[in-house]
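These are my notebook entries on a structure that I had not examined before. I set down what I looked up, entry by entry.

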Amino acid sequence: MPIRYEECGQAEYDLLNQLISEKFRELVNAKFRLFFDLKKHISQGSIVLAQIFMSDELTRLLTVDEATMESGADYCIMLDAKLWRDIDDVLKRRILFHEIQHCNFDAESKRPYKIRGHEIEGFFAEVEFNADNPTWKSEAAELLRAMYEQEKDDK
Ligand SMILES: [Zn+2]
């Protein structure tokens, strides 16, 4: 059976790092690993565009960079592979911006990189970031739903 996740490439890390250096200075030292999710994922009735996790101890071990012996990832972000292949950088940035908003930096903690839930249906800062297209998320969800429908028809 094929593995559900695939490593992302340099392009995804470039987009992420650019956003972090522009808008999330408190996270410049956080370690992220990006993966494509090859499987359709529904959560609470909605199709999932992307997801972020705080690494557990096993994930930390498995994401240690063997070349540099750098410590493992603080966060893992999963991107829907099918959607990602079909969208432009503007939408990719919206999706990544949303996921990074889930990061909650707690300087006092031994494990300072935590996760937070939504403030509204998303995050206050997102409203401004996406002011030019407030309905981007439902549009992207609709697009992805249609893509999976199409795939079903093709089979
Ligand atoms: Zn979210």
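This is a predicted model: local features need pLDDT of at least 70, side-chain atom pairs count only at pLDDT 80 or more; totals for chains, interfaces and linings use all residues.

Entry 1: I then looked up what lies over them.

**Entry 2: the whole protein.** I next stepped back to the overall make-up. The protein has six helices and eight strands. Read from the N terminus on, I recorded their order as β-α-β-β-β-β-α-β-α-α-β-β-α-α. For 155 residues, a compact globule would have a radius of gyration near 15 Å, and the protein, at 16 Å, agrees with this. Along the principal axes, the C-alpha atoms fill a box of roughly 50 × 40 × 30 Å. I noted that 20% of the 155 residues count as buried. Among the contacts with a separation of 6 or more, 69% are between residues 24 or more positions apart.

Entry 3: I traced an open sheet of four strands, in the order 1-2-6-5 and with mixed pairing. Strand 1 (5-7) and strand 5 stand at its edges; each has a single partner strand, so one side of each lacks a neighbour in the sheet. From one strand to the next, the twist averages 30 degrees. I then took the pairings of strand 6 in turn. Strand 2 (residues 32-37) runs parallel to strand 6, and six bridges join them; here Phe35 stands opposite Met78. Strand 5 runs antiparallel to strand 6, with five bridges between them; there Met54 stands opposite Tyr75.

**Entry 4: strand 6.** I asked how many of the six residues of strand 6 are buried. The count is six of the six, so this strand is largely enclosed by the rest of the structure. In a regular strand, side chains alternate between the two faces of the sheet. I therefore sorted the residues of strand 6 by side, and both faces are covered, with Tyr75, Ile77 and Leu79 buried on one and Cys76, Met78 and Asp80 buried on the other.

**Entry 5: the nonpolar core.** The largest nonpolar core has 22 residues, and I listed Phe32, Leu34, Tyr75, Ile77 and Leu79 as those with the most contacts inside it. Strand 2, strand 6, helix 4 and helix 6 (136-154) each supply at least two of its residues. Strand 6 gives the largest share, five residues. I looked up the surroundings of Ile77 as well: leaving aside residues up to four places away in sequence, Ile77 touches Phe32, Leu34, Ala50, Ile52 and Glu99.

**Entry 6: Gln51.** Last, I located Gln51, which lies in strand 5. Its bridge partner in strand 6 is Met78.

Conventions: Residues are numbered from 1 along each chain as its sequence is written. Two strands pair if DSSP finds at least two bridges between them. Axes are lines fitted to C-alpha atoms, for helices over the stretch in contact, and angles run from 0 to 180 degrees between N-to-C directions. A residue is buried if 20 or more other C-beta atoms lie within 10 Å of its own, exposed if 12 or fewer, and partly exposed in between; C-beta atoms are placed from the backbone. The radius of gyration is taken over C-alpha atoms; the globule rule is 2.2 Å times the number of residues to the power 0.38. Two residues are in contact if their C-beta atoms, placed from the backbone, lie within 7 Å. A nonpolar core is a set of buried Ala, Val, Leu, Ile, Met, Phe, Trp, Tyr and Cys residues joined through C-beta atoms within 7 Å.
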